[in-house]
Amino acid sequence: MPRKTLARALLAGSALLALAGGACADEQHFPLQSYRVGPYAAGGTGFFGGFIDYLTLINSRDGGVNGVKLTWSEGETQYEVERGVEVYERLKSRPGIAAWNPLSVGIAYAMIDRVTADQVPLITINHGRTDSTDGRVFPYVFPLLLNPYSETSGIIEYLATREGGLDKLRGKTIAVLYHGSPYGKETIPIYDLLAKQHGFKVEQIEVPHPGNEQQSQWLTIRRLKPDYVVLRGWGVMNPVALKTAQKTGFPANRIVGNVWSNSEEDVIPAGEAAKGYVAITTQASGAEYPVIQEIVRGVYDKGTGNLADKKRIGSVYHNLGVLNGILNVEAVRIAQDHFGKRTLTGDEVRWGFEHLRLDEARVAALGAKGLFHSINVTCANHEGEGRVTFQQWDGAKWQVVSDWLKPDWAALRPIIEASSAAYAKERGLTPRDCAAEERADASTAKRASADGR
Amino acid sequence: MNPDLTFFIEVVLGGLLSGVMYALVAIGFVLIYKTSGVLNFAQGAMVLFAALTFVSLVERGLPFPAALAATLAVMVAVGLTVERTVLRPLVNQPPITLFMATLGVAYVIEGASQLVWGAQVHALDLGIDDTPFDIAGVLVSRFDLFAAGIAGLMVAVLTLFFRYTRTGLAFRAVADDPLAALNAGLRLPRIWSAVWIASGIVALVAGLLWGARLGVQFSLSLVVLKALPVLVLGGFDSIAGAIVAGLIVGAAEKLAEVYLGPLIGSGIEGWIAYVAALAFLLIKPSGLFGLRSVERA
Amino acid sequence: MATALTLRVAHSPRATGIVLLMALAYGVIPLVGSSYLFEAILTPFLALALAGLGLNLLTGYAGLLSLGSAAFMAVGAYAAFNLSLRLPGLPLSVTILLAGGIAAAAGVIAGLPALRLRGFYLAISTLAVQFFVAWAVNRIGWLSNNSPSGVINAPRLVVAGLSFEDARGRYLFSLTVVALLTFAAWRLVRSPTGRNLVAIRDHETAARVVGVKVARTKLLAFALSSFVVGVAGVLWAFAYLRTVEPAGFNLDRSFQILFIVIIGGLGTLRGAFLGAGFIVVLPLILSRLGAAILGDGFDSGTLEMVQRIVLGVLIVAVLIREPAGLSALLDRAGRRLFGRPPA
């Protein structure tokens, strides 16, 4: 081959390479293990719809995050673990993956080892493994805003406000109706602990999966005559609980739902029986928040919205999806400020999540004032002190009926640390030294600013 | 009245009324099994499809009776299609093959119903207020009584149909002895079509009543799991057996959950019905009604 | 060379086929396969094929229908987890054998109704096992080492100092277990015990007349089948998902295993492999095909629903076209190729 041709070929090749490199250099990818069919499709379509809507908004309004386009691809899991794993294995080689957001406890568990090996963050907003709150042992797992323990504490704090103080709970009876699954059982020890601490009586009653028959459980409740019933439900169990409560004469306004019992899909099938029912949430529902309005104008009015049914804009799962989008995008933005405005690696985005601090002012600037309160994630605390509020179903929509309450994080932390320490021991892991990492971060930042000067 | 006794009565009564709902689903199985020996696992999918079709039509503004008629027509079409395209080509195959085929059919119906009507959940309001009323301290659910009434009515209609119509007589002849019926010149395919239509109608009734209880959503297809122990106990081939077994299973399961649950752990409802039905069969293998059956040793 | 190969193939095509297959599985695939191939296709395929093999011993050979296979997988997985947790010194191979043994014991108990019931009555009675096991593993905290969420992590896969932790290692580990058990099953069905199983399937009374101990044989069928299914559960949890959670062993899984056996072909060992291939690979092909035709951004839900319909239609179509399953289809293809049925 003549020398010239070779050089030309090389040049063309490198140009092509540069082009290919350029194409992914300014893209950040979100692989989605969505579930739009099957028993939990209602939650999946709302959540992933909201997430995609927010990413679409950022791309169309801001041209991405500092010019880095956001992309995504979907794989259907039907909420089944092995399908989730298949999708993970299929999509994990895509370039520029920012984070994984499965919204499924089972899939999240199966991914912990994998994301840790692949060094990509795994976001389990409002759910997931409680002890992954301890970022020293689970560097890549983020149960943002709320884990099952703080949810439990938040519900008790709320019941205390209804009674007029934590001390007024003494002598009261609370029945917890939980779904017969690992998810449902997870908070049993916490309710027992809080009952002992505050002197109320707790009765925990299991509803076997799927929960389409609850006559006997509610008759037991009727005999027990509790002051409140906490619903730790899942899917069809929730409307059936509300219907059966009505059938056995238990008032709906004394039933408080947990974070998986708080959506429109949980109450609409129960019809009239759901009126007055209260549920916890980390994000208010409704479309009146500026960011949701921007999605309506900038995304749905242009026909690029993800929800098939526009009526679901502002629903609980849709808003959770939007909020999840905000948190992911802000983590990417924060990491970009530190590492540079380019496609980041998963580990760099992990750093972003570990510095995800959005105070009320920043939340308002993002157009999400009232949608959620604030978040403060650190290396050691991957939950980020999410506040909770309570909403009541008025027969047509959810109305916020409480302030933003703080779960008792300090009381829960030792239990979480004991659990994560046991995990670390079982796996032979050495917990990270968060203080040292933060010092190192501070000194690089100082050096960087010195260099800049 | 003694509160413990009142409570006991409430539990039993609630169980019996739930049992009627189980029997309602079980009857759909019995109709098909009796004439063709097929355990139709697609029954649950048919229940879902019927309820979803009905509720979607109502939500699109169709009046109640028109939606009912339209859904009925759709269910008849589904029954006929399944019979023609799946069961007829598989005639003379072993029961297990037929069973698997109905699982395939269940996939198709589940997929199609969600593809057509979407995956959202719907409320289904039949216009019955479900506030309980109080009889001497015992709470009784208005809706459950209504459902029991509908179920009774349906059984009465089916009984009359089988006793007094030609197709009904043919159905019984086939159930008693298919070969003799064939010899007597009865056309089996016609009878099969008839029972598939009938089971489609039963699915519609079950779908509406269960749908009003649970909301119309994917989980509706899981109600078959409640019907299976009823079938084991009552026999796959007896409508009366399904009703009586439904009542027994309903009451036994509630009593076990309420009184046994605290001892061995709550949430036992999922399997206790199966164990109870099984224990009964082991003691009395001929089943509830002493029907002879090759299926039981 | 070519003639020699043809001669050998004509001599015993099946043996040659197996040798070639093993050479491919051990020699070629580990070198060329991607992590996706191992993690998402081959490892679940092997675990499900093994479960299908176990169920086939019961349903295909002994004629006893079970809808509780996933429960035995769960028993195997939880037993193996607890053995490795509570007896840390135990080698993994012993753990797996013991876990299979515990599943077999559970199988014998579950098989007791088979002494009085048959057909669908028996099938539905196995549902009692399905729901009871799901309840028990959820209820009894000790079984999951009192993990607050009930989901447990599988221990590391280390045999005789060799680690099988990466994707390829876990594939090879599964492959070896499956190959060994398949060989054992092959020996079994050719033994007098295997013939007894078939005898009670084909004609129970006749079997009794010629001296087969029917009750014992039925329980034995349950024990053997549950052993294999239990080991499949260990593979599913330890080698594939690496977590053990009750929801993964639900009724859908039992049906899936039954599908594998029916579609693959009742009463044949390779049926389980063909069926598992069909069930694992087909949805992936369908979803890829769908995505390729309709584009990446297409609503994955619609795609999935279409897929579900296609899968249902295919199941019905296979049953109508070839009620004896893919295995019979393969036989016919083989006859056409070699002019006579493979030995």
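Trainee: What should I know before I start?
Mentor: It's a predicted model, where local features need pLDDT of at least 70 and side-chain atom pairs count only at pLDDT 80 or more, while totals for chains, interfaces and linings use all residues. Residues are numbered from 1 along each chain as its sequence is written, chains are lettered from A and ligands numbered from 1 in the order in which they are written, and side-chain values use heavy atoms, with hydrogens and water left out.

Trainee: Which strand pairs with β9(A) in the antiparallel sense?
Mentor: That's β12 (residues 389–393) of chain A, over four bridges; strands pair if DSSP finds at least two bridges between them. One bridge joins A:Thr281 to A:Thr389. β8 (residues 255–257) of chain A pairs with β9(A) too, in the parallel sense over two bridges.

Trainee: New topic: how many residues of chain C are in contact with chain B?
Mentor: 38, and they touch 50 residues of chain B. Contact means heavy atoms within 4.5 Å.

Trainee: And how many salt bridges between chain C and chain B?
Mentor: One, meaning a side-chain nitrogen of Lys or Arg within 4 Å of a carboxyl oxygen of Asp or Glu. The side chains of C:Arg308 and B:Glu110 meet in a salt bridge at 2.6 Å, N to O.
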